[in-house]
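The sequence and structure come first.

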Amino acid sequence: MRLRSSLISNVKSFSRLDANRNRNYHQRDVPKGHLAVYVGENKKRRFVVPISYLEQPLFQELLRQSEEEFGFDHPMGGLTISCQENAFFELTTLLQAS
């Protein structure tokens, strides 16, 4: 449980820092209650997802795997998730349905 809350806390802190860093770029604005993530194995594509996903065990596992590979400070300027886009779509579809 402590790992989970630590992970969520780190992602929320990162999201606030990223929002401040990108404040001057209108196209980079992320709506309140959301965070930007970059998804893909080679070419990264930017997605904006609800922060509520951070409470979902499947999304948390994906974040853990990405943290091991990239950490939370990545040159893309956002949280990077290394997985295939279609797998990310499947996961977000499941999360939207729940």
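## Serine 66 and the basis of the model

Serine 66 lies in helix α2, where helices (H or I, at least four residues) and strands (E, at least two) are DSSP runs numbered from the N terminus. Serine 66 is buried, with a relative accessible area of 3%; buried means under 20% relative accessible area, exposed over 50%, and partly exposed in between, using a 1.4 Å probe and protein chains only. When residues up to four places away in sequence are not counted, serine 66 touches Gly71, Thr80, Ile81 and Ser82, contact being defined as heavy atoms within 4.5 Å.

The model is predicted, so local features need pLDDT of at least 70 and side-chain atom pairs count only at pLDDT 80 or more, whereas totals for chains, interfaces and linings use all residues. Residues are numbered from 1 along each chain as its sequence is written, and side-chain values use heavy atoms, with hydrogens and water left out.

## Strand pairing

Strand β1 (residues 34-39) is mostly covered, five of its six residues being buried. β1 pairs with β2 in the antiparallel sense over six bridges, two strands being paired if DSSP finds at least two bridges between them. Within this pairing, tyrosine 38 has arginine 46 in β2 as its bridge partner. β1 and β2 form a hairpin with five residues between them, and glycine 40 in the turn has a positive phi of about 140 degrees.

β1 is also joined to strand β3 (residues 79-81), to which it runs parallel, by three bridges. Here valine 37 stands opposite leucine 79 in β3.

## The nonpolar core

The largest nonpolar core has 16 residues, and those with the most contacts inside it are Val37, Val39, Val49, Phe59, Ile81 and Phe88. The elements that give two or more residues to this core are β1, β2, α2, β3 and α3. A nonpolar core is a set of buried Ala, Val, Leu, Ile, Met, Phe, Trp, Tyr and Cys residues joined through side-chain atoms within 4.5 Å. In soluble globular proteins, nonpolar side chains tend to be buried together.

Leaving aside its neighbours within four places in sequence, valine 39 is in contact with Lys44, Arg45, Phe47, Ile81, Cys83, Gln84, Glu85 and Phe88.

## Salt bridges

A search of the whole structure finds two salt bridges, each being a side-chain nitrogen of Lys or Arg within 4 Å of a carboxyl oxygen of Asp or Glu. In one of them, arginine 45 is bridged to glutamate 85, with the closest N and O atoms 3.1 Å apart. This pair links distant parts of the chain, since arginine 45 is in strand β2 (residues 45-50) and glutamate 85 is in helix α3 (residues 85-97), 40 residues apart. Arginine 45 counts as partly exposed at 43% relative accessibility, and glutamate 85 is partly exposed at 25%.

Glutamate 61 forms a salt bridge with arginine 64, the closest N and O atoms being 3.3 Å apart. Because these two residues are three residues apart in helix α2 (residues 57-70), they are separated by about one helical turn. Glutamate 61 is partly exposed, with a relative accessible area of 37%, and arginine 64 is partly exposed at 21%.

## Aromatic pairs

The count comes to three aromatic pairs, where rings of Phe, Tyr and Trp (its six-membered ring) pair if their centres lie within 6.5 Å, with planes under 30 degrees apart counted as stacked, over 60 as edge-to-face and the rest as tilted. The rings of phenylalanine 47 and phenylalanine 89 have centres 5.5 Å apart and planes at 90 degrees, so this pair is edge-to-face. Phenylalanine 47 in strand β2 and phenylalanine 89 in helix α3 are 42 residues apart. Phenylalanine 47 counts as buried at 12% relative accessibility, whereas phenylalanine 89 is partly exposed at 37%. Ring pairs link Phe47, Phe88 and Phe89 into a cluster.
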